[in-house]
Amino acid sequence: MNERARHWQYDELPGVDLLRARYVRKTFVRHTHENFVIAAIADGVEVFHHGGGDQYAGAGALALVNPDTPHTGRAGVPEGWRYGAVYPPADVVAEIAAETTTLRGTPGFVSPVMDDPYAAGLVHQVLRAADEGNALAADTLLRVAVTRLLRLNGGPMPRREVRTAGARIAARARGVLEERMARPPTLDRLAADLGTSPFALLRAFRDTYGMPPHAWLTDARVRRARRLLDTGTTPSEAAVTVGFTDQPHLNRHFSRMVGVPPGAYQRERKNVQDLG
């Protein structure tokens, strides 16, 4: 069974990433998204590690992941899974929540899996409308889908307070890694510069961000590479800029987090800009 995926944007849904894919052997490593993930399973089963355990989403269910939440992804059955997904930015979801729900604060999804064939159908209709260039339908259906999901499975997202000493050290370490993304220090050097031990830093970072520093750095590099590709930087230039050794190194990590190679990702972005 062939794997295929298309990751694109539609100008009339600004900032919303769109994905349609069938995966069989694909494994998504632990990663995060800046936007919400609303993935509607059409057939098969997706398994993703989220919140300390494996979550299973089958046909008619939705996988729902809040921004900056570490998760993985893989097939839960031999035939894999087929799905369509929309990735709305946090400000779009907050705007919809304020207008159509009683949620206050920063809204988010409470449960990572929701069995709702009607909402799943709405997500597939958003993708179809975007494909057909039907801006009114795409925008309307996205808002209806998000409203339904928030009303049935929404709540205020917990605020990440940097209160403990460990969390403060983790935040400082993250700042160093963001500044020195292309040439990061070793764990030993990073810990010494922050006045702590390597294992104490490792524990604090994992507790605060859900993954160790090296995994967080790879995730951050792919995020930054996406932004560079969006502005027209070539994949080979983006790879070196964010700190990967070469383009194949970027290709491997990019595909395991975004779902498509950087070249295919950029071609879809360029097509959108050419049509605008």
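Q: Is D246 buried, partly exposed or exposed?
A: D246 is partly exposed, with a relative accessible area of 35%. Buried means under 20%, exposed over 50%, and partly exposed in between, using a 1.4 Å probe and protein chains only. One caveat: this is a predicted model, where local features need pLDDT of at least 70 and side-chain atom pairs count only at pLDDT 80 or more, while totals for chains, interfaces and linings use all residues. Residues are numbered from 1 along each chain as its sequence is written, and side-chain values use heavy atoms, with hydrogens and water left out.

Q: Where does D246 lie?
A: In the loop between α8 (235-242) and α9. Helices (H or I, at least four residues) and strands (E, at least two) are DSSP runs numbered from the N terminus.

Q: And what does the D246 side chain reach?
A: The backbone nitrogen of H249, at 3.0 Å.

Q: OK, new topic: D17. Buried or exposed?
A: D17 is buried, at 8% relative accessible area. This residue belongs to strand β2 (residues 17-23).

Q: Which side chain has a polar contact with D17?
A: R226, at 2.5 Å. A polar contact is a pair of N or O atoms within 3.5 Å; within protein, one must be able to donate a hydrogen and the other to accept it, and residues adjacent in sequence count only if both atoms are side-chain atoms.

Q: How many aromatic pairs are there?
A: Eight. To pair, rings of Phe, Tyr and Trp (its six-membered ring) need centres within 6.5 Å; planes under 30 degrees apart are stacked, over 60 edge-to-face, and the rest tilted.

Q: Why is the pair F254 and Y265 edge-to-face?
A: Their ring centres are 5.3 Å apart and the planes sit at 70 degrees, so the pair counts as edge-to-face. F254 is in helix α9 (residues 247-258) and Y265 in helix α10 (residues 262-275), so the pair ties together parts 11 residues apart in sequence. Both F254 and Y265 are buried.

Q: Which residues form one aromatic cluster?
A: Y23, F28, W81 and Y83.
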